[in-house]
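Hello,

Here is the structure I promised to pass on. Have a look at it first, then read my notes below.

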Amino acid sequence: MSKMRTPAMEKIEKKNAKRKKPVKSTPMRESWKRFKRNPTALIGLGVVCILILVAIFAPLIAPYDYKVQDYSAMMQAPSSAHLFGTDQFGRDIFSRVIYGTRYSLIIALFCTIAALFSGGLLGIIAGYFGGTVDTIIMRVMDIFQSIPMIMMAMCIVAVLGNGIPQLVAAIMFASMPTMARNNRAAILRVRGSDYIESSEAIGVSQIQMILKHMIPNAAGIMIIYFVGFLAVSIMMMSSMSYIGVGLTAPTPEWGLILNDGKAYLTSAPYMMLFPALMIMITCFAFNLMGDGLRDAFDPKMK
Amino acid sequence: MSNLLEIKNLKKYFSTPRGELHAVDNVNLNIEKGKTIGVVGESGCGKSTLGKTLMRLHTPTSGEVLYNGEDIAGMPMKEFKQKYRTNIQMIFQDPYASLDPRMNVLQLIEEPIKVNHKDMSKADVTARAKEMMELVGLAKRLEGSYPHELDGGRRQRIGIARALSLNPDFIVCDEPVSALDVSIQAQILNLLQDLQEERGLTYMFITHDMSVVKHISDDIAVMYLGQLIEKCPANEIFKNTIHPYSQALLSAIPIPNVHVKKERMILKGELTSPIDPKPCCRFAARCPYASEGCMEKEPELREVKPNHFVACHYAEKFMK
Amino acid sequence: MSENMLNVENLVIHYETDEEVVEAVNNISFRLKKGEVLGLVGETGAGKTTTALGIMGLLPPKVGHVIQGKIELDGENLFDKSEREMRNIRGKKISMIFQDPMTALNPVKTVGEQIAEVVLLHSRCSKVEALKRAQDMLAMVGIVPERYKDYPHQFSGGMKQRIVIAIALACEPELLIADEPTTALDVTIQAQILDMMRSLQKKQGTSMILITHDLGVVAEMCDHCAVMYAGELVEYGTVEEIFDNPKHPYTKALYQSIPSLDKDVDRLHVVPGMVTDPSNLPEYCSFADRCEAKCDLCEKADPKMIRLNEEHCVKCLQYTKEWEGKINE
């Protein structure tokens, strides 16, 4: 009902008539609604979904085995037989890049989860308790952070040796300070809210306060950082492989493929172009999605 | 008359980079059972801090708060939580910010019951929460709604239900109606009054709105920069205002009547800083009647006539 | 020359989003004479601020739509103006003071610069002259002119609101719109600010629209008073008429729900129900659902504004002929 009908109202009524039942509005649904309205965020999400599918169905998509060396077809430029060309051992770069998606996504996911459970937890503790606990944790993190991330990761690999678990540990340690800082900020923002005080007033214990009120309310911001960190992890992993620490050949990791191609940069630029593009697209997609999530969860903060 | 609460020399200082902030300074106050004490003052006068200190949301710097004769200010937090958390409750100022946005109405009202009665079965908790919803006038269909879907009045009803669900004797109402529209404000004030009559509640009603405080309170305490400067029965303060600050506060209220043209006492300047205050009358800097005597000594709260306490060296001068 | 400097006619403003249409302002008309102060009273969501933003031409882009009506300032329809012309009018002819003084000032510029900026924008003068004017303005609102070099954070809340007022008045606008100028302030500070605004308004002869929810402020400051409910003007008249002789049930209820300082009332009168949702207005009288004087007629027709006498209009069926018939039945 209304005082004065306008075309806009009819449009909305038509739209609502199509819907069967009015959807119950929860904070989560509201966020999803905002996310859906954001085209760039949807593009990001779409690309990420495609990448995940590619990773799952890599054996079906890839035309060749990523580690089979074909000496009859070395250093071939992109063609219909080899979409992205071949490398100096005759391996199909397209297949390697496709399989690389598996490594990049899975390792990045592990790294970020590990960072969340170490750095994130420290940040939450520091943010919640404040005072001396906060000071001690954050100063240790400051010391960590004063060492460049990549340098730190390299040192850890140097000590622990090459391999995927070592790489994950290295990236985790290197990204711990940032993760701690972000999560602490997220908790501090929630900590200052009136509803925390009102829960304190009804006698909610500290553990419950963190689990039931602070983490659920800070979760939105934490997810934003989480997605952002996936991009950072992929970058770090590739950079490390590129300079030859962490993973070893013949793992088809994007950084390693880049490394393979660097000697032939002038004669066969395609060898570096495609893996580099993949890294770029992946990070870009994660960042678009992260920005979309920020707008969705936190409409006030832009 | 029995005092439910006796506040003795209560102090709450905050340390800031610029010095000690005397948020609540040497407050003495008795609160009778079943009565409402109104605490008024401008922003920064320490009225909210006083309420939160009674709630133990702040730990007092020094002083005593006797609740039925037992000091609750000095007791360990754990003991306080066990013995008194359910007795003393609070209704918060901003119903928009004081409810967790990720919980629905029923969950919000169940929370205090769950937390404090761990032995209660889930069904009992829900039944009790529903009972509370009815008590404060929240319709049954709102059970699954989230705070963001409700208007200020209903949100404040949730806040009241949360406090009442623990069966408290004493409720600190921290500006419970200042964020609400006038027509909704009246609904909430009436609800608070009804609940008080039904359950014999004792209120500390903190507000900056003189007309609201006059309406709801039995006694009124005026605060200025952390100190109590005047305390008397509600009617008395409007008839025989003594402290110059209270006079100014009263004369500043715009009256919704076109024919009453008040002689207004406009104060110069603004609230001075409560950080490391000098030992003199804190109002002296803005007081139109201040003399040298005011700058030398801090006035104490004294009974100038039965039940009327004033902290002013020259209180007798202002008495009618 | 007509005496009405501002003339708002049949103004309708909607906010349109993908999910809903909010009927913020519904067919309101009012006039403002030169040098007059009009109080716009109402609760949250009554459309007070939207009306003000409509006059300023500052409705949120894409969302806020003027559906019909006109706003004439000195006989010229503001909706015919280009954005450029409007920018010239804002600040020079119409100024607005917002509720929150903290966000209205730029934290990295001195207050002197901020006042001078407005002066420079709208009048041809040198920077030195503008700064001189800034100092005069500060003195006028009761701040030591020497403080023009200070930054906003060095002032208290009340002082900041004074500076905001100084900026708004710097170009001697013909119309000042003050949106809850004292709501964020303490009573003693509010008294100072109101006192100052009244004397400045008298001195400069500025017309003013004062938006507030506080009837006390209206009684003290205004010549005319317009009561808004759900985007409509429900009652309009001189303050004397509105305060001594309120006619609309909503206005009456408003008075009764404020606790009084001089009378002892045991229980407050309550307007039942909630503020009407402006995204779902009824076709009949918007207040009918909460009204205690309603009859079935009220749920059938939307009342028109009725002129009771020279100074008093009300939008309620009680004062029409149809009503009498109904009562006699």
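Chain B has 11 helices and 12 strands. Keep in mind that this is a predicted model.

**Chain B as a whole**

How far does the C-alpha trace of chain B span along its principal axes? The spans are about 65 × 50 × 45 Å. The radius of gyration of chain B is 21 Å. A compact globule with 320 residues would have one near 20 Å, so the value for chain B agrees with that picture.

Burial comes next. Of the 320 residues in chain B, 49% count as buried. Now take the contacts in chain B with a separation of 6 or more. Residues 24 or more positions apart make up 67% of them.

Look for Glu131(B). It sits in helix H4 of chain B, which covers residues 122–135. Is Glu131(B) buried or exposed? Count the other C-beta atoms within 10 Å of Glu131(B): there are 12. A residue is exposed if that count is 12 or fewer. Therefore Glu131(B) is exposed.

Then find Ile7(B). In sequence, Ile7(B) and Glu131(B) are 124 residues apart. In space, their C-alpha atoms are 34 Å apart.

**Where chain B meets chain C**

How many residues does each chain bring to this contact? Chain B brings 32 residues and chain C brings 38. H6(B) has the largest share, seven residues. By type, this side of chain B has 16 nonpolar, 10 polar and six charged residues.

**Where chain B meets chain A**

Here 24 residues of chain B are in contact with 17 residues of chain A. Two elements of chain B give two or more residues to its side: strand S6 (88–91) and helix H3 (105–116). Which of the elements gives the most? H3(B) does, with four residues. The side of chain B that touches chain A divides into 11 nonpolar, five polar and eight charged residues.

**Confidence in chain A**

Chain A has a mean pLDDT of 86. In chain A, 97% of the residues reach 70 or more. Which elements of chain A have the lowest and the highest mean pLDDT? Helix H1 of chain A (residues 7–18) has the lowest, at 81. Helix H3 of chain A (residues 39–56) has the highest, at 93.

**The two domains of chain C**

Chain C is divided into two parts. Domain 1 takes 4–93 + 173–328, and domain 2 takes 94–172. The C-alpha centres of the two domains lie 29 Å apart.

The domains also touch. Domain 1 of chain C gives 27 residues to the contact, and domain 2 of chain C gives 23. On the domain 1 side, these elements of chain C each supply at least two residues:

- helix H1 (48–56)
- helix H2 (83–92)
- strand S7 (175–179)
- helix H7 (187–204)

H7(C) provides the largest share of that side, seven residues. The domain 1 side has 18 nonpolar, four polar and five charged residues.

Best wishes

Technical notes. Residues numbered from 1 in each chain as written. Chains lettered and ligands numbered in written order. Predicted model: local features only at pLDDT ≥ 70, side-chain atom pairs only at ≥ 80, totals over all residues. Contact = placed C-beta atoms within 7 Å. Nonpolar A, V, L, I, M, F, W, Y, C, P; charged D, E, K, R; others polar. Rg over C-alpha atoms; globule rule 2.2 N^0.38 Å. Buried ≥ 20, exposed ≤ 12 C-beta atoms within 10 Å, placed from the backbone. pLDDT = per-residue confidence, 0-100. Domains from an automatic or database assignment.
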